[in-house]
Amino acid sequence: MKWLVLLGLVAFSECIFKIPLRRVKTMRKTLSGKNMLNNFLKEHPYKLSQISFRGSNLTTLPLRNIWDIFYIGTITIGTPPQEFQVVFDTASSDLWVPSIICNSSTCSTHVRFRHRQSSTFRLTNKTFGITYGSGRMKGVVVHDTVRIGDLVSTDQPFGLSVAEYGFEGRRFDGVLGLNYPNISFSKAIPIFDKLKNEGAISEPVFAFYLSKDKQKGSVVMFGGVDHRYYKGELNWVPLIRAGDWSVHVDRITMKGEVIGCSDGCTAMVDTGSSNIQGPGRVIDNIHKLIGATPRGSKHYVSCSAVNALPSIIFTINGINYPVPARAYVLKDFTGNCYTTFKEKRVRRSTEFWILGEAFLRLYFSVFDRGNDRIGLAPAV
């Protein structure tokens, strides 16, 4: 009955599409995609190969880095378009933004979709809910025109939240999921799948370059790969199974000693997480080895000691991916240094890890739905 009441209230070319992302201290500062790309290329005077992925063209859209915690980009929904800042998340499959009828305190601080102002809006009677690591939402499934840069999906199903919990202080309006459709909570076709099925993108791939060291120019690209964002060759890693972005990790080492994943383990490559997450006992051991001390929900180290801390190496499909201390240690707003290693509180029979942005800032990542694999290479 509660949902019936809420529903009553609601009754209301073939290209590589490259969406620039950037890290920012505030959401107020924005750059056009063109200027961001030009700045990026000036700051990285490498000898670059041709932009190519089976001859496709390239278009860009910006993402912003918020305190190294998450990266957000602008999409529009409705006719005329209404702008929203969303997290591009490879760990989930649903697109949702707040509804104008959402009265949660979180919703009131974010942009809310005004359905009555869109001539292409269509309501359904489906409801759903999602629980994330940092919060949860309840919503209804609706349809409207969604734009990601130059990509346009008409009559796209997505969620409108009518209640949100735990997202206080987050500088994003909603989430755009990029995982496989089988894990969609709303059971609606994800926007990437709809665009792929309609031939709007030339290849069923998307890729991320996440900026580091306060650089601008982060991007997410759809339909192909711009080879200028990485060095060397892409190393392709098969997924454990077609259905989510999880890969097999051979082992995790520090100073030549195995410290985790001794018998092999599973790791999800997650653009929606800022941390590297693993089993509590292993994370505790890592913090002990690097001399980190707990304070609140974080573990801190001396900022002056960061350069002396060892790298932690993830071996994936026979290739070593070092994560140096400068990547796994960040500064908080008070100038103190904390680690990005965090306990993953999930009950699994096997060891499970999350490779979030602390890992992905180091390695350009390609998500290949056509071949159920992920490509990794050192980012420029």
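Predicted model: local features only at pLDDT ≥ 70, side-chain atom pairs only at ≥ 80, totals over all residues.
1. Phe88 is buried at a relative accessible area of 1%, where buried stands for under 20% relative accessible area, exposed for over 50%, and partly exposed for what lies in between, with a 1.4 Å probe and protein chains only. Phe88 belongs to strand β5, which covers residues 82–89; helices (H or I, at least four residues) and strands (E, at least two) are DSSP runs numbered from the N terminus.

2. Residues are numbered from 1 along each chain as its sequence is written, and side-chain values use heavy atoms, with hydrogens and water left out.

3. On the whole chain, seven helices and 27 strands are assigned, and 57% of the 380 residues count as buried. The accessible surface is about 16,700 Å², with 48% of it belonging to carbon and sulfur atoms; these areas come from the Shrake-Rupley method with a 1.4 Å probe, and for residues only the protein chains shown count as cover.

4. Under "active site", the unreviewed UniProt entry lists Asp89 and Asp270. Although they are spread over 182 residues of sequence, the two cluster in space, the largest C-alpha distance being 6.8 Å. Such UniProt positions are given in the numbering used here, with feature names shortened, and the annotations may be inferred rather than shown by experiment.

5. Asp89 is placed in strand β5 and is buried, its relative accessible area being 7%. Leaving aside residues up to four places away in sequence, Asp89 touches Asp270, and its contacts also include Tyr132, Asn179 and Gly272, a contact being heavy atoms within 4.5 Å. Asp270 sits in the loop between β16 (265–269) and β17 (276–278), and it too counts as buried, at 8% relative accessibility. Beyond four places in sequence, the residues that Asp270 touches include Asp89, Thr90, Glu357 and Leu360. A polar atom of the Asp270 side chain lies 2.8 Å from the backbone nitrogen of Gly272; a polar contact is a pair of N or O atoms within 3.5 Å, where within protein one must be able to donate a hydrogen and the other to accept it, and residues adjacent in sequence count only if both atoms are side-chain atoms.

6. Asn179 deserves a look beside this pair. Its place is the loop between β10 (174–177) and α4 (191–197), and it is buried with a relative accessible area of 1%. The Asn179 side chain reaches the backbone oxygen of Thr90 at 3.0 Å, and among the residues it touches, not counting those up to four places away in sequence, are Asp89, Thr90, Trp245 and Arg369.

7. The structure holds 27 aromatic pairs, in which rings of Phe, Tyr and Trp (its six-membered ring) have centres within 6.5 Å, with planes under 30 degrees apart counted as stacked, over 60 as edge-to-face and the rest as tilted. Phe113 and Phe121 form a tilted pair, 6.1 Å centre to centre with 40° between the planes; Phe113 is buried at 0% relative accessible area, and Phe121 counts as buried at 14%. The ring centres of Phe208 and Phe367 are 6.0 Å apart and their planes are at 85°, so this pair is edge-to-face. Because Phe208 lies in strand β11 (residues 205–209) and Phe367 in strand β26 (residues 363–368), the pair ties together parts that are 159 residues apart in sequence. Ring pairs also link Phe88, Tyr180, Phe192, Phe206, Phe208, Phe222, Trp245 and Phe367 into a cluster.

8. Charges over rings can be checked at two places. The charged end of Arg295 sits over the ring of Tyr300, 4.1 Å from its centre, while Lys298 lies over the face of Tyr338 at 5.2 Å from the ring centre; the criterion is NZ of Lys or CZ of Arg within 6 Å of the ring centre and within 35 degrees of the ring normal.

9. Finally, the backbone. Most residues other than glycine have a negative phi, and most peptide bonds are trans. A cis peptide bond, with omega about 0°, joins Thr79 and Pro80, and Pro80 is in the loop between β4 (70–77) and β5. Asp155, in strand β9 (residues 151–165), has a positive phi near 50° and is partly exposed at 36% relative accessible area. Cys261 has a positive phi near 60° and counts as buried at 1% relative accessibility.
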